[in-house]
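Please keep the model in view while going through the numbered points.

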Amino acid sequence: MVSEVKKISGRAIILIGDDIDTDRIIPARYLKAITFDGLGEGVFIDDRTALKGEHPFDQPQYQGANVLIVNRNFGCGSSREHAPQAIAKWGIQALIGESFAEIFFGNCVAMGIPCVTADAPTVKKLQELVSADPQAAVTVNLETLQVSLGDYTTKVTMSQGTRSTFIAGTWDACGQLVAQSEAIQATAAQLPYLTWV
């Protein structure tokens, strides 16, 4: 099973602000769920309720977007996997930002959602371009480490180790186990302690 992630194309949605934490992304009351199903409806629910339809995730021009453009330290706070799961269930397949909280970033990688970074002026420019034309095509290319938005193209960054796992498809630990099930069973059959009585 190969789960390569080399390029994500679609449209973008912007969320302006630093230090947007996981409690804002998905409130604690949603953590009671046994599965992640339905979390997309609750993403940013408290902010969305307070803004009465003016939150980007409620605005019609951003519906169907699959690339989220954020600012600094996105996903900080508690380490809940529900935050990237909620974003993914809403439809986000890649994130562009100034920086990401380490655990949030790791959870995204484990789910196959690349998070690329750029400096503050570049992120601001991308956000302005999306705001001016929410229908503009966006592409996050992990092979070239570039983002294209309409006629604008810029370099982005991602550590080489993380980038190579996406391109090779090895980010998917469960998929790797399933793909190697025969080899795992053969090794397990040779382990004497698995047959002790």
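1. Two terms are needed at the outset. Contact means heavy atoms within 4.5 Å. Helices (H or I, at least four residues) and strands (E, at least two) are DSSP runs, numbered from the N terminus. The model is predicted: local features need pLDDT of at least 70, side-chain atom pairs count only at pLDDT 80 or more, and totals for chains, interfaces and linings use all residues. Residues are numbered from 1 along each chain as its sequence is written, and side-chain values use heavy atoms, with hydrogens and water left out.

2. Helix α5 spans residues 102-111, and its buried residues are Phe104, Asn107, Cys108, Val109 and Met111. Buried means under 20% relative accessible area, exposed over 50%, and partly exposed in between (1.4 Å probe, protein chains only). The cover over the buried residues of α5 includes α1 (22-25), α4 (82-90), β4 (94-97), β5 (115-117) and α7 (160-168). After α5 comes Gly112, with a positive phi near 85°.

3. His55 lies in the loop between α3 (45-51) and β3 (67-69). Is His55 buried or exposed? His55 is buried, for its relative accessible area is 3%. Beyond its neighbours within four places in sequence, His55 is in contact with Leu15, Phe44, Asp47 and Arg48. A polar atom of the His55 side chain also lies 3.0 Å from the backbone nitrogen of Phe57.

4. Four strands form an open sheet in the order β2-β3-β4-β5, with parallel pairing. β2 (12-14) and β5 are the edge strands, each pairing on one side only. Two strands pair if DSSP finds at least two bridges between them; β2 and β3 have three, in the parallel sense. Ile14 stands opposite Ile69 in β3.

5. Strand β7 (residues 146-149) pairs in the antiparallel sense with β6 (residues 138-141) over four bridges, and Asn141 stands opposite Gln146. Four bridges also join β7 to β8 (residues 152-155), again antiparallel, with Thr153 of β8 as the bridge partner of Ser148.

6. Which residues of β7 form its covered face? They are Val147 and Leu149, while Gln146 and Ser148 make up the uncovered one. In a regular strand the side chains alternate between the two faces of the sheet.

7. The two hairpins each contain a positive phi. Leu145 has one near 50° in the hairpin of β6 and β7, which has four residues between the strands. Gly150 has one near 60° in the hairpin of β7 and β8, which has two residues between the strands.

Methods:
Polar contact = N/O pair within 3.5 Å; in protein donor to acceptor, adjacent residues only side chain to side chain.
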